[in-house]
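Let's walk through this one with a few quick questions and answers. Here it is.

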Amino acid sequence: MKKIVLCGLLALAHMLPAVAQQIPTKILGPTKMKVKRGGITSTPPFSIPDFSATYAALIQPDELRLRLATVASDAFQGREAGQPGQKLAADYLAGQFKTTGLQGPVPGGDNPYLQHFQLTRGTYAPGGYVEVSGQRYDYLSDWFSYGPMASPFLTPTVAQPVFVGFGVEQGGYSDYAGLDVNGKDVVALMGEPEDERGRKLLRPSGRPADYWDSGLRKAALAKAHGARSIFLMTFAPAAAFRKQTAELATSLQEPAFALPDPGPEIVDTVAENIPPGIGVYFTSQEMGMQLAGASFNGLLDYVRAVGRARQPVSAGFQPPTARLYLPQNQQALTTENVLGFLEGTDKKDEVLVISAHYDHLGVKHDTIYNGADDDGSGTVAVLALAKAFAQAKKEGHGPRRSILFVLMTAEEEGLFGSEYYTAHPVLPLASTIADLNIDMVGRTDRKHSPKKHFVALVGSDKLSSELHAISEKANRDYTHLELDYRFNVPGEPEHIYYRSDHYNFARRRIPVIFYTTGEHEDYHKATDDVEKIEFDKLAERAQLVFHTAWELVNREQRIVVDSNKP
């Protein structure tokens, strides 16, 4: 049971029995007889209404089905960020928040429920190349870019590359020590330094053992040192590299997105997102060696010398001048987060965020990707949660803390909606106690039997032990789901913790729980449709979020931030 203040007890003691019988209760004790002068009096049974159960019960499969039939309909054209279908979806969702009774918290602008921001949509034009040492290396043949970033080489650009070894930095080991790479283009080897027996030199220190295997982490570090771009040298010979690039050609030519105004940047080498403002490129071994000014034997000698010294050594390479060109067509787009605010009572200055992303992949080759599970399921869950909390407030049982319901845009393009919100919050992040984020909770993945009633939780214990305990208790007391933590372990290979909007809150030290059921055979396919959603399970999972949220917004103290788990 949650704590209930004395005045609340007194008010409940005077409730009409008929009213009390209409709501779930927990009986604290049987009728007691007391002997008083003048006769015997009886003390009636004393019951405390369990309002968490009362209002969670409003979240029902039929209403979720009705809402999702609209959100994941062809009318919204797959809800791709910045496209007409996403605009229609945003207007619909804003209208739902307004009808529910939530306030629009966005100041200024044309609609207080919509937080507008700009994205840049880029597609690479033909003709990109790198010229070095008399050799020309063509884009999408000997090198390719990775991720949503604007090209820093829109016109032919002369550059002086800088070799930075493995491009890693941890503890007393730094490949950047003594180097000035501000505004320059760095060349780094993939992988990380090892001794002569193949053992990694850098201890994980609580991080995944393959911490530096990701080129994106190296890109974040290069950006932190001011580099304009990073060329990551693979160990694939030219023929093998070109074969792999040809297999990836279609996906590599998909539009790339970026935030032109990302706001205050957090340097975080754990993030799986491309850091804004740096070009990230993968090269064949031959092209990488040319940029570094190294021979194959010279590279081997360097790697062995690092292993023997167990620290960075001078490579002695002399990178030559290079000419870089990567044309790109760029288009400015406007997109919108949708926000609804429910004001609390005595602790209204503290706020819980409940979030999901409503965007999806749009229309590809005349086929609409409706994204019923990803993330129509989370979107309608948030609408149902908002309605349940609003009804509680309407009946005089509103939350003590405020709740901000946020439906994010541009998650599919790189978590941009949450990145923008956390950089430009409408309510102070210092007052934000947690984010409960819901993304894909309407299906059963390949790991579980269809008979299982489960949900995967990610991040619940990473920043707050209290949040994890509250979540566990809510499930024990109410929903009795199987809680799956396989995505929550350090070194989890799919990096799920970094792949949805909660992460932009977590990287700012705001506790999070990410609710998901994992990928299934229709993930990011046009077949992710409404008829495949298991609405009874979706309702149960949304009810677990409700019970957890109810405790968070009504407890006496806000949850502590006392952990820092990888």
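Q: Which strands does helix H5 (residues 84-100) lie across, and at about what angle does H5 run to S18?
A: This is a predicted model, where local features need pLDDT of at least 70, side-chain atom pairs count only at pLDDT 80 or more, and totals for chains, interfaces and linings use all residues. Residues are numbered from 1 along each chain as its sequence is written, and side-chain values use heavy atoms, leaving out hydrogens and water. H5 lies across S5 (114-124), S18 (328-342) and S22 (401-408), and its angle to S18 is about 10 degrees.

Q: What angle does the direction of H12 make with that of S26?
A: H12 packs on the sheet too, touching S24, S25 and S26 (contact means heavy atoms within 4.5 Å). Angles run from 0 to 180 degrees between N-to-C directions, with axes fitted to C-alpha atoms, for helices over the stretch in contact. With S26, the direction of H12 makes about 40 degrees.

Q: Which residue of S23 is the bridge partner of Ser-355?
A: Strands S19 (residues 347-357) and S23 (residues 432-438) run parallel, joined by 5 bridges. Two strands pair if DSSP finds at least two bridges between them. In S23, the partner of Ser-355 is Asn-437.

Note on methods
Helix = DSSP H or I, 4+ residues; strand = E, 2+ residues; numbered from the N terminus.
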